[in-house]
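Read the following with the sequence and the model side by side.

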Amino acid sequence: MRDMTTPLIELALADAAATEALGARLAEALRGVSGWVVFLHGELGAGKTTLVRAWLRTLGVAGTIRSPTYTLIEPYEIDGRSLLHLDLYRLQDAEELEQLGLADTPPSAGGWLVEWPQRGAGLLPPPAIEIHLRADGLGRQAAIACADQWRERLAARLTPESGSSSAYAP
Ligand SMILES: Nc1ncnc2c1ncn2[C@@H]1O[C@H](COP(=O)(O)OP(=O)(O)OP(=O)(O)O)[C@@H](O)[C@H]1O
Ligand SMILES: [Mg+2]
């Protein structure tokens with residue numbers, strides 16, 4: 001079977017708390033699982049880092065969660081897994097990507113959360129999940145797609161019927 005990324009769900013995110021709630025749900029969906037890459041698409045200010053911060057908080061990361069705006073990469077060790085938060089907006093070339101040492105922390109060691117993945121087009125592993133965020137009035141609209149192998153796991157936790165048991169608690 002082809003490992004294709006297919007549309008899964010569209011969500012209206014009325015405010016930043018809704019973006020955080022989505023990040024928390026995704027964190028719960030992939031908690032304790034390794035081997036995934038998440039692409040976060042969206043213009044400057046779309047809410048990508050907001051979602052990632054909530055994801056990491058949900059997994060227990062304490063203290064300041066810095067945006068990798070200038071460092072391009074922020075690594076986390078969580079429950080024996082290595083998570084990378086990448087922001088490739090300022091990536092210059094393939095060589096710079098190599099210098100980030102991604103090979104030392106492959107998705108198989110945990111997972112990658114990648115903002116501006118298109119800047120690393122052709123250089124990144126295929127995503128398990130793609131999240132597109134776009135402005136919609138004062139809020140945001142999220143479109144989520146995922147590879148077939150992740151579909152069941154995510155669908156169960158992202159559809160509105162799945163309740164708000166993982167509501168984000170700041
Ligand atoms: N659903 C939402 N509705 C309204 N505002 C939101 C929503 N989600 C996030 N925001 C706000 O958008 C602003 C920018 O968010 P954030 O820094 O996460 O964007 P970003 O996509 O990471 O941008 P960049 O590409 O610059 O890294 C923040 O002030 C955040 O609170
Ligand atoms: Mg950001």
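Which residues are buried in α2? This is a predicted model, in which local features need pLDDT of at least 70, side-chain atom pairs count only at pLDDT 80 or more, and totals for chains, interfaces and linings use all residues. Residues are numbered from 1 along each chain as its sequence is written, while chains are lettered from A and ligands numbered from 1 in the order in which they are written.

The buried residues of α2 are Lys48, Thr49, Thr50, Leu51, Val52, Ala54, Trp55, Leu56 and Thr58. A residue is buried if 20 or more other C-beta atoms lie within 10 Å of its own, exposed if 12 or fewer, and partly exposed in between, with C-beta atoms placed from the backbone. The helix is thus named by its place among the DSSP runs, numbered from the N terminus: helices are H or I of at least four residues, strands E of at least two. Nine of the 11 residues of α2 are buried, which leaves the helix mostly covered. Its buried residues pack against α1, β2, β3 (73-78), β4, β5 and β6. Just after α2, Gly60 has a positive phi of about 105 degrees.

Leaving aside residues up to four places away in sequence, Val114 touches Val37, Val38, Phe39, Leu40, Leu86, Leu88 and Leu124; contact here puts C-beta atoms, placed from the backbone, within 7 Å.

Around ligand 1 there are 19 residues, of which Leu13, Gly47, Lys48, Thr49 and Thr50 come nearest; a residue counts if its C-beta atom, placed from the backbone, lies within 6 Å. Two or more residues of this shell come from each of α1 (16-30), α2 (48-58) and β7 (139-147).

The chain has four helices and seven strands, in the order β-α-β-α-β-β-α-β-β-β-α. Its radius of gyration is 15 Å, close to the 15 Å that the globule rule gives for 170 residues, so the chain is as compact as a globular protein of that length. The radius is taken over C-alpha atoms, and the rule is 2.2 Å times the number of residues to the power 0.38.

Key. Contact = placed C-beta atoms within 7 Å.
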